[in-house]
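Look at the structure first, then read on.

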Amino acid sequence: MKLLLEIALYFSQFCVVLAMLLCMLRLLKGPTAQDRVLALDTLWICAMLFALLLGISFASLVYFEWAMLIALTGFVSSVALAKFLMRGEIIE
Amino acid sequence: MMQVPVDISPWLAIPVALLLICGSIITLVGTLGLLRLPHFYQRIHGPAITITFGAGSFLLASMLYFTVLQQRLVIHELLISAFIMLTAPVTAMLLMRTAVYRDLRNGRQRPDIKPETPAASGQATTAEVKQHRPDGENK
């Protein structure tokens, strides 16, 4: 049963890293600026998922706080970039 | 490397492994949609499944695993899920409004609408937006 959980953890880490690579491709390729902001937002979410996976792998609750911080900063940065693209200024 | 306990019971390992595999496949599908779909207004639907189902599966797996492992109720992952559920629609709505606004300001049509006279309607919407913002920022 240890082996099953380890295989599942390795598989999901591989999938999340692959998802981050796909986001990175869209971030580099994206024809408009809003595509890049969307890709960056998804990249933050994938990083949060990867922190959760590391927490399960190492059986440590510290990674939960990493995930919380990544979610918070990701939301703030996405909203700031979206506001900047819309108006040209962030705080009006 | 991994700190998985040796004597983990099958009743914990099987649901956690299933949730992890399900969540990772859903995450991959969502980002594949982000990469493959042709227009921005279709592309923004891809990561929604990553944010809801993918993150939900991972958070549920984490809650289950730590609750059984530490033999107490560990549900502080609910904080992250509530935060994600609150903030993901806000980000998506802001991004969509940004995209509509920028497309109108640049005189581009939405790609899924075929206008009958494309030049005229594009000019009309651009003039309307310029009238709305008279300082002439048409980047």
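Which residues in α2(A) meet which residues in α3(B)? This is a predicted model. On the α2(A) side, the contact residues are Leu38(A), Thr42(A), Ile45(A), Met48(A), Leu49(A), Leu52(A), Leu53(A), Gly55(A) and Ile56(A). They meet Pro47(B), Thr50(B), Ile51(B), Ala55(B), Phe58(B), Leu59(B), Ala61(B), Ser62(B), Tyr65(B) and Phe66(B) in α3(B). By class, this contact has 15 nonpolar, four polar and no charged residues.

How do the two helices lie? The crossing is left-handed.

Now stay with α3(B) and turn to α4(B). The axes of these two helices are 9 Å apart, and the packing angle is about 170 degrees. Angles over 145 degrees count as roughly antiparallel, and α3(B) and α4(B) are therefore roughly antiparallel to each other. From α3(B), the contact uses Ile51(B), Thr52(B), Leu59(B), Ser62(B), Met63(B) and Phe66(B). From α4(B), it uses Glu77(B), Leu78(B), Ile80(B), Ser81(B), Ile84(B), Met85(B) and Ala88(B). By class, there are nine nonpolar, three polar and one charged residues in this contact.

Next, the spaces. The largest pocket holds about 220 Å³. Of its 16 lining residues, the closest to the centre are Ala48(B), Ile51(B), Ala88(B), Pro89(B) and Ala92(B). α2 of chain A and both α3 and α4 of chain B each supply at least two lining residues. The largest share, eight residues, comes from α4(B).

There are also three cavities of 30 Å³ or more. The largest cavity has about 120 Å³ of space. Of the 13 residues that line this cavity, the closest to its centre are Asp41(A), Ile45(A), Phe75(A), Ile84(B) and Thr87(B). Two or more lining residues come from each of α2 and α3 of chain A and α4 of chain B. Here α4(B) gives the most, with five residues.

The table sets out the two linings by class.

| Space | Nonpolar | Polar | Charged |
|---|---|---|---|
| Largest pocket | 12 residues | three residues | one residue |
| Largest cavity | nine residues | three residues | one residue |

Terms used. Residues are numbered from 1 along each chain as its sequence is written. Chains are lettered from A and ligands numbered from 1 in the order in which they are written. This is a predicted model: local features need pLDDT of at least 70, side-chain atom pairs count only at pLDDT 80 or more; totals for chains, interfaces and linings use all residues. Side-chain values use heavy atoms; hydrogens and water are left out. A crossing is left-handed if the near helix is turned anticlockwise from the far one by less than a right angle, and right-handed if clockwise. Helices (H or I, at least four residues) and strands (E, at least two) are DSSP runs, numbered from the N terminus. Contact means heavy atoms within 4.5 Å. Ala, Val, Leu, Ile, Met, Phe, Trp, Tyr, Cys and Pro count as nonpolar, Asp, Glu, Lys and Arg as charged, and the others, Gly among them, as polar. On a 1 Å grid over the protein atoms alone, a cavity is a set of points where a 1.4 Å probe fits but cannot get out, and a pocket is an open set with protein on both sides within 12 Å along at least five of seven lines; lining residues have an atom within 4 Å of a point. Grid points are joined across faces, edges and corners, and a volume is the space filled by probe spheres set on the points. Axes are lines fitted to C-alpha atoms, for helices over the stretch in contact, and angles run from 0 to 180 degrees between N-to-C directions. Angles under 35 degrees count as roughly parallel, over 145 as roughly antiparallel, 65 to 115 as roughly perpendicular and the rest as oblique.
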